[in-house]
Amino acid sequence: MSNLSSVLACEAARGPLQAAAAAAVAALADAATSIAGLIRHQGDAAGLGAVRGTENADGDTQKALDVMADDIIASALGKVDVVASYLSEEQDAAIPLHAGGSVIVASDPLDGSSNIDTNVSIGTIFSILPASGGVLQPGRNQLAAGFFVYGPQTTLLVSFGGPVIALQLAADGAFHDMGWQVRISDVTSEFAINASNQRHWHKDVAAYIGDCLAGKDGPRGRNFNMRWVGSLVADGWRIFRRGGIFLYPADHRDGYGAGRLRLVYEANPVAFLVEAAGGKATDGAVPILDLAPADLHSRVPLVFGSAKEVDEFAAYGS
Ligand code: AFP
């Protein structure tokens, strides 16, 4: 079974930009290995879930691990001279790293902060773009993207535009290919949404979820199951594994008119993986990868997963 180094060597052989993207992924894997160690061996003792009393650019309260993960990633990328700049959920603006660098790395250093001290899977999400395109580029321009999950296993899903590869961190300190062909099934009977927001949903979301909940006696003619972890990486990994549909739609709450998730470092990398695995990712109608980010921290409604179910949801909105 191959490991991450051999995967990256193959990508690097495809050209200078791919080689730069591969070097950035290698640095991110080193950072993720350190973050996983921090979570697995220190956890509560180190107060990783402690509120720092500071807020990120988006007004989210920062937890200790949010900032520690951001520092670990920035320092790892700082050692790679092909990385021109680093964009992060925890930083107001782009961090310049190497003037002549050919790629930009965008990241949600710690996804699922609300789960840090509940021993539930959390992760790191990343997107790699050509520096020539600047900070705000459509996701279609990504050279590579992926996410790490810090859960019972430490795992990585990554794509360089081709097949999605699933890897697991082993005792030898390397990420090894899990040997699983990553394809998202077209059809599913499992949805993921934060149902506590139901009273704030728009009509199409309420109608779609209502019909799923009506089960086999309802218009969908089959029973649906629901899951919601509250960590995009954990809900995402499950959907890559067994199919499903994830919805974080826009709703009527203040500040949620464009949903909750950020386009540049959450929706774009996940959508890149989803499309590479045969699924669909939209804002409810338009493919996420075709959207132009208005700014570094702009939010977007996100619906992704099994292609036929994402189309089914879109029909409720049309
Ligand atoms: P945090 O990293 O701030 O916990 O946000 C996690 C997240 O961005 C994403 O991972 C989840 O899918 C979503 O937000 C959870 O949102 P709710 O807390 O509204 O359910």
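Start by selecting β2 (61-63), β5, α5 (232-242) and β13: each of these gives at least two residues to the lining of the largest pocket. Keep in mind that you're looking at a predicted model.

How big is the space you've just outlined? The largest pocket has a volume of about 450 Å³. A total of 28 residues line the largest pocket, and the ones closest to its centre are Gly112, Ser113, Ser114, Gly230 and Arg260. Colour the lining by class and you'll get 12 charged, 9 polar and 7 nonpolar residues.

Two elements give two or more residues to the shell around the ligand: β5 (103-111) and β13 (245-248). Show that shell of 15 residues, and pick out the ones that come nearest: Asp111, Asn194, Leu232, Tyr248 and Arg260. Coloured by class, the shell has 6 nonpolar, 6 polar and 3 charged residues.

Now zoom in on the backbone. Which distances can you check from the ligand's oxygen atoms?

- Leu232: a backbone N or O atom is 2.7 Å from a ligand oxygen.
- Ser113: here a backbone N or O atom lies 2.9 Å from an oxygen of the ligand.
- Gly112: a polar backbone atom is 3.0 Å from a ligand oxygen.

Taken alone, the ligand exposes 480 Å², and the protein buries 88% of that.

Conventions:
Residues are numbered from 1 along each chain as its sequence is written. This is a predicted model: local features need pLDDT of at least 70, side-chain atom pairs count only at pLDDT 80 or more; totals for chains, interfaces and linings use all residues. Side-chain values use heavy atoms; hydrogens and water are left out. A residue is near a molecule or strand if one of its heavy atoms lies within 4 Å of it. A polar contact is a pair of N or O atoms within 3.5 Å; within protein, one must be able to donate a hydrogen and the other to accept it, and residues adjacent in sequence count only if both atoms are side-chain atoms. Accessible areas come from the Shrake-Rupley method with a 1.4 Å probe; for residues, only the protein chains shown count as cover. Helices (H or I, at least four residues) and strands (E, at least two) are DSSP runs, numbered from the N terminus. Ala, Val, Leu, Ile, Met, Phe, Trp, Tyr, Cys and Pro count as nonpolar, Asp, Glu, Lys and Arg as charged, and the others, Gly among them, as polar. On a 1 Å grid over the protein atoms alone, a cavity is a set of points where a 1.4 Å probe fits but cannot get out, and a pocket is an open set with protein on both sides within 12 Å along at least five of seven lines; lining residues have an atom within 4 Å of a point. Grid points are joined across faces, edges and corners, and a volume is the space filled by probe spheres set on the points.
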